[in-house]
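I opened the model to go through a few residues and strand pairings. My entries follow in the order in which I looked things up.

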Amino acid sequence: MKKFFLYAAAMMLLPLTMSAQDKKEVVEYSVDRPSTCAGSGITPKGKVLWEVGMNYNHDTAEKVDGEEVTPAISTFTFMNSLVRYGLLDNVELRLQWDLMHQRIHGVKDNGVGPLTLGTKVKFFDGKGYIPAISLLTNVTFPLASKTFRPANIAPSVILLADHNISDNVGLTYNTGLLWDGGDSHPATLVAVCSSYTITPRVGCFLESYNYFKAHTNPSFNANVGGTYQITPRVRADASIFCNVNRGNNVGFNLGVAWLIN
């Protein structure tokens, strides 16, 4: 576990050390982390954007008539890493993987999370109150350590939309279908995120992200956090999240996004 943590910490500090003296003007770019709601923005053509972070997630045990039906699970993701490459002006390619530590009933396990490949395609730039629109598609493969491996391939298709209400306020909307690799019934995602620019460097956001699935109670969740533009190429973020309707899930995110070239 110690080796995993040191490696993840070194990888997260890499953007800060390599961009500390970055004075060059760079093109604008859109960062998806740390909110669940992804924006419509595409990584500029020929550019590589690396979003990396660590997060802690705790699910409390669920009991029915005093009997435990699901165990308490604590998951610490040492490195949640998403690499985005601008293939065309309106298309980006995406690669995601994780280094993870999990504890269930006192049993600990470290490993690599499943590999996810995806694309984001922008269809409309938006105008005024008419939102910009993109489509995000991902496929998660059962290529991972045994504990974190899905039983089957798990696809997802999500429609992304966003627009600015004013110079300081933006709204982002997501809706789509997500499969978990173990159930033929997908979950429907409905998410809304409001962001506010406090200063040119500092921003904050508040979002509601919710999942609806057949034969399962809906899951309503909230996430609140802030961002800080360290350099023109590097943005740091921090957030906390929780399950609203059952209160059995809480956690936090810390990370950075780095426009590498």
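I started with Ile165, which is partly exposed at a relative accessible area of 34%. The classes I use are buried for under 20% relative accessible area, exposed for over 50%, and partly exposed in between, with a 1.4 Å probe and protein chains only. The model is a predicted one: local features need pLDDT of at least 70, side-chain atom pairs count only at pLDDT 80 or more, and totals for chains, interfaces and linings use all residues. Residues are numbered from 1 along each chain as its sequence is written, and side-chain values use heavy atoms, with hydrogens and water left out.

I placed Ile165 in the loop between strand S9 (154-164) and strand S10 (169-178). Helices (H or I, at least four residues) and strands (E, at least two) are DSSP runs, numbered from the N terminus. Leaving out residues up to four places away in sequence, I found Ile165 touching Tyr129, Gly170 and Leu171; contact means heavy atoms within 4.5 Å. Tyr129 is 36 residues from Ile165 along the chain, and their C-alpha atoms are separated by 7.0 Å.

Next I followed S10 onward. S10 pairs antiparallel with strand S11 (residues 187-197) over ten bridges; two strands pair if DSSP finds at least two bridges between them. I noted Val192 in S11 as the bridge partner of Tyr173. On to strand S12 (residues 202-213): S11 and S12 run antiparallel and are joined by ten bridges, with Ser208 in S12 as the bridge partner of Val192. The hairpin from S11 to S12 passes through four residues.

His215 is not a glycine, yet has a positive phi of about 65 degrees. At 78% relative accessibility, I logged His215 as exposed.

Which peptide bond is cis? I found the one joining Arg33 and Pro34, with omega about 5 degrees. Pro34 sits in the loop between helix H1 (2-18) and strand S1 (48-59). I recorded both kinds of entry because most residues other than glycine have a negative phi, and most peptide bonds are trans.

Last, I looked at strand S5 (residues 91-104). S5 pairs antiparallel with strand S4 (residues 73-88) over 14 bridges, and a hairpin of two residues joins S4 to S5. S5 also pairs antiparallel with strand S6 (residues 107-112) over six bridges. The hairpin of S5 and S6 has two residues between the strands, and His105 in that turn has a positive phi of about 50 degrees.
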